[in-house]
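Okay, thanks for coming, everyone.

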Amino acid sequence: MVDPIDEAPHASDDPAYCETWAYTFTDLERRTFALVHASWLPARGVGNHLVTIQRDGESVARRVETRDPFRSSLLELEVDPWRAAAVRCPELALDLTWNAFTPPIDFGDRFDLGDAMHQRHVQAGVRASGTLGGARLTRVPGFRDRSWGPRDLRRMGRIVTLLMTGIRRD
């Protein structure tokens, strides 16, 4: 189990130190996928908020710079450490809560790319409920991702990510 205090932003004067909070869901019936991603660079006092929604082959994405890790002109994020997260994005009619149904999995030192990246990286299975574009969603499967530590993307080369969600079972 992960210490829940690590959910809050950390202080760092390292310009490569980055914090992220990410939440996804995949609704196969509605052919809908959503990603909410918040990043924060504490040494610079700046971050980015991103919301991406894909529905029936159409994609919409919005990104803004923010001076607050959890609030911007795009979204508001409320986090209950390792249990739930609520996201409101009025511009895209998104009002969802992601509730964890697995304990957080701590990847610890496994997410180490030498000088390019040495971060803590934690994930958990979640289910999203709420509304998106006026449609009601109930317990749609996804995952939450939390990472923090030095991250120099310029030195990482190419990274390919594969995200999977259980279709018939968790």
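So, how many disulfides does a search of the whole structure find? It finds 0, with a disulfide taken as a pair of cysteine sulfur atoms within 2.5 Å. As a reminder, a disulfide is a covalent bond between the sulfur atoms of two cysteines. Buried here means under 20% relative accessible area, exposed means over 50%, and partly exposed is in between, with a 1.4 Å probe and protein chains only.

Quick housekeeping. This is a predicted model, where local features need pLDDT of at least 70 and side-chain atom pairs count only at pLDDT 80 or more, while totals for chains, interfaces and linings use all residues. Residues are numbered from 1 along each chain as its sequence is written, and side-chain values use heavy atoms, leaving out hydrogens and water.

Now look at strand 6, residues 84–89. Strands are DSSP runs of E, at least two residues, numbered from the N terminus. Strand 6 is mostly covered, with 5 of its 6 residues buried.

What does strand 6 pair with? On one side there's strand 5, residues 76–80, running antiparallel to strand 6 and joined by 5 bridges; pairing takes at least two DSSP bridges between the strands. Across that pair, E78 stands opposite A86. The hairpin has 3 residues between the strands, and W82 takes a positive phi near 65° there.

Then there's strand 7, residues 94–100, antiparallel to strand 6 over 6 bridges. Here C89 has L94 as its bridge partner. This hairpin has 4 residues between the strands, and A93 has a positive phi near 50°.

Let's zoom in on V87, in strand 6. Why does V87 count as buried? Because its relative accessibility is 0%. Beyond its neighbours within four places in sequence, V87 is in contact (heavy atoms within 4.5 Å) with several residues, including V36, L75, L94 and W98. L75, in turn, touches F70, V87 and C89, among others.

Last stop, the largest nonpolar core: buried Ala, Val, Leu, Ile, Met, Phe, Trp, Tyr and Cys residues joined through side-chain atoms within 4.5 Å. Of its 26 residues, F25, V51, L75, L77, L94 and W98 touch the most other members. Strands 6 and 7 are among those that each supply at least two residues of this core, but the largest share, 4 residues, comes from strand 2.
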